Amino acid sequence: MGNKILQDLSIYWAMFHVIFLFVMLFRSRYTKKRTVILAILGMGVLMVLNGLGLVLFGFEAIGRAFLFTCTIPSFIFFYVLSVDKKFRFLLTFCLADTTCLWIMAVTNLLDYYLGGGQYVLMLVSRLIAFPLIEYCVYRFLRKPYLELQDAVDKGWGIFAGMTMIYYVLLVVVVQYPTNIVNRPDDMLVCVLVLVLMVFNYGTIFTALYRQLLLYRRQQSERLLQEQKYSLETQLENQQRIRRIKHDMKGYTVTLSGLLAAGKIDEATEYLKSIESMMDAYIGQFCVNPYINAVCSYYFQKFRELGAKVDYDIRVGEERLPYMELCQILSNGLENARDALQGLDGEDRKVSVQMKYNKEYLLIRIKNRCRKELHVEKGTVPHSEKGGKDHGFGLLTVQEAAKRLEGDMLCYTDQGQFILDVMVWIKGVQT
């Protein structure tokens, strides 16, 4: 009877930590508090039912039916809670389940061969092994894994397939037709499968880590590109200011002559024209210095192409997330510049609008494009940098918009490429 209690305790301990390990890696669509409450309620009921099954039918029967009594129901339950769907969720689920099943199989074998099958070693080893693996996951895996789920949209299928097949393989080897300790002839196969898992997951984690390094390098390159734009803008502004200082002597002479001749109205009109020219020359498109710097930089680039530029920037001195907004503007305007380079002079037109709608800031960049270019709403065109199509930087725009709890939409309409971005600006009252 005492041995039976130890066995049941070790199983309950393992079931609890399967859930705990999975929750550390998955991303819920609900708040943290609500997720914890739902997980306790849903999985608590499942654990009670499996506990009753252990009492009524025994360890062997529940072990063979574990896939149907616990794995599949918990998969459906957490799939409803998860913000990730399809292969990303499948990989996370199989990763947690297979890791815990591996620990259960190894501790079961250790207890059988080293502990005399009394379940004492099984319970003690599981009490140590599960918190240890969870510490390692939290310390080394959780943060980069969550970051990778945000960064990479494709390529999850092959890893999810590997973990799912391996999970089924492990269940079959350990539990069918009976527990592995009752099948000594299959022990070598079981040990080889358990060892293979270490190399299998090592391969998966290595590949995922390389993708994460690639993503971080791309992010670093994008940040350096934004800094380059900013520095070039500052340099060009300084050069314009020096030219204006040089020209001020001529303006002063003209103004002095008009005043000496008593032509007050003409002098006033001349001052207004100088002010208007200086604003356009320096690039005063809005009050926000960061957004203005990006607009000024690309205003000069479009003017070098002979393009017609129309800015309608309706933002003031309010505090804005300038890093993301500058990323959106600079990448969107860079796409527009690439597209205009392939057009005739009279077709080179671009417009930028920024305005508020309640707590959202709406950004629209619209430019002429090749008539044969066709982009459906909801799709992101592939980059052909060096060619004449859009695509370069649009993923950066999309990522920046998502960081601000917004979204991006791009499409073509009657020979124009339209990029619409909506982002949530906290604390803005309109």
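The following questions and answers concern a predicted model of a protein chain.

Reader: How many helices and strands are in the protein chain of this predicted model?
Author: The protein chain has 430 residues, of which 44% count as buried. Among its contacts with a separation of 6 or more, 72% are accounted for by residues 24 or more positions apart. Within this chain, the secondary structure comprises 11 helices and 5 strands.

Reader: What is the order of the strands in the open sheet?
Author: The sheet is open and has 5 strands, with mixed pairing. Its edge strands, each of which pairs on one side only, are β1 (308-313) and β4 (407-413), and neighbouring strands are turned by 10 degrees against each other on average, direction ignored. Read across the sheet, the order is β1-β2-β3-β5-β4.

Reader: Which residue in β2 stands opposite Val-309?
Author: Strand β1 is joined by 6 bridges to β2, which covers residues 349-357, and the two strands run parallel. Within this pairing, the residue in β2 that stands opposite Val-309 is Val-350.

Reader: Which helix packs on the sheet, touching β1 and β2?
Author: The helix in question spans residues 289-304, and its direction makes about 165 degrees with that of β1. The helix that touches both β1 and β2 is α9.

Reader: How many of the 10 residues of helix α11 are buried?
Author: Helix α11 covers residues 394-403 and is mostly covered. Its buried residues are Leu-394, Thr-396, Val-397, Gln-398, Glu-399, Ala-400 and Ala-401, and the helix is followed by Glu-405, whose phi is positive, near 60 degrees. Of the 10 residues of α11, the number that are buried is 7.

Reader: What distance does helix α6 reach from its first C-alpha to its last?
Author: Helix α6 runs over residues 156-175 and has 20 residues, for which 28 Å would be expected at 1.5 Å a residue. Its buried residues include Trp-156, Phe-159, Tyr-166, Tyr-167 and Leu-170.

Reader: Why does Leu-6 count as partly exposed?
Author: Leu-6 has its place in helix α1 (residues 2-25), and, not counting residues up to four places away in sequence, Leu-6 touches Gln-118, Tyr-119, Val-120 and Leu-123. The C-alpha atoms of Leu-6 and Met-122, 116 residues apart along the chain, are separated by 8.4 Å. Because partly exposed lies between the limits of under 20% for buried and over 50% for exposed, Leu-6 counts as partly exposed with a relative accessibility of 23%.

Reader: Is Ser-330 buried or exposed?
Author: Ser-330 has its place in helix α10 (residues 322-341), and the side chain of Ser-330 reaches the backbone oxygen of Gln-327 at 3.3 Å. Since a residue is buried if its relative accessible area is under 20%, the value of 1% for Ser-330 makes this residue buried.

How values were computed: Residues are numbered from 1 along each chain as its sequence is written. This is a predicted model: local features need pLDDT of at least 70, side-chain atom pairs count only at pLDDT 80 or more; totals for chains, interfaces and linings use all residues. Side-chain values use heavy atoms; hydrogens and water are left out. Two strands pair if DSSP finds at least two bridges between them. Helices (H or I, at least four residues) and strands (E, at least two) are DSSP runs, numbered from the N terminus. Axes are lines fitted to C-alpha atoms, for helices over the stretch in contact, and angles run from 0 to 180 degrees between N-to-C directions. Contact means heavy atoms within 4.5 Å. The expected span of a helix is 1.5 Å times one less than its number of residues. Buried means under 20% relative accessible area, exposed over 50%, partly exposed in between (1.4 Å probe, protein chains only). A polar contact is a pair of N or O atoms within 3.5 Å; within protein, one must be able to donate a hydrogen and the other to accept it, and residues adjacent in sequence count only if both atoms are side-chain atoms.
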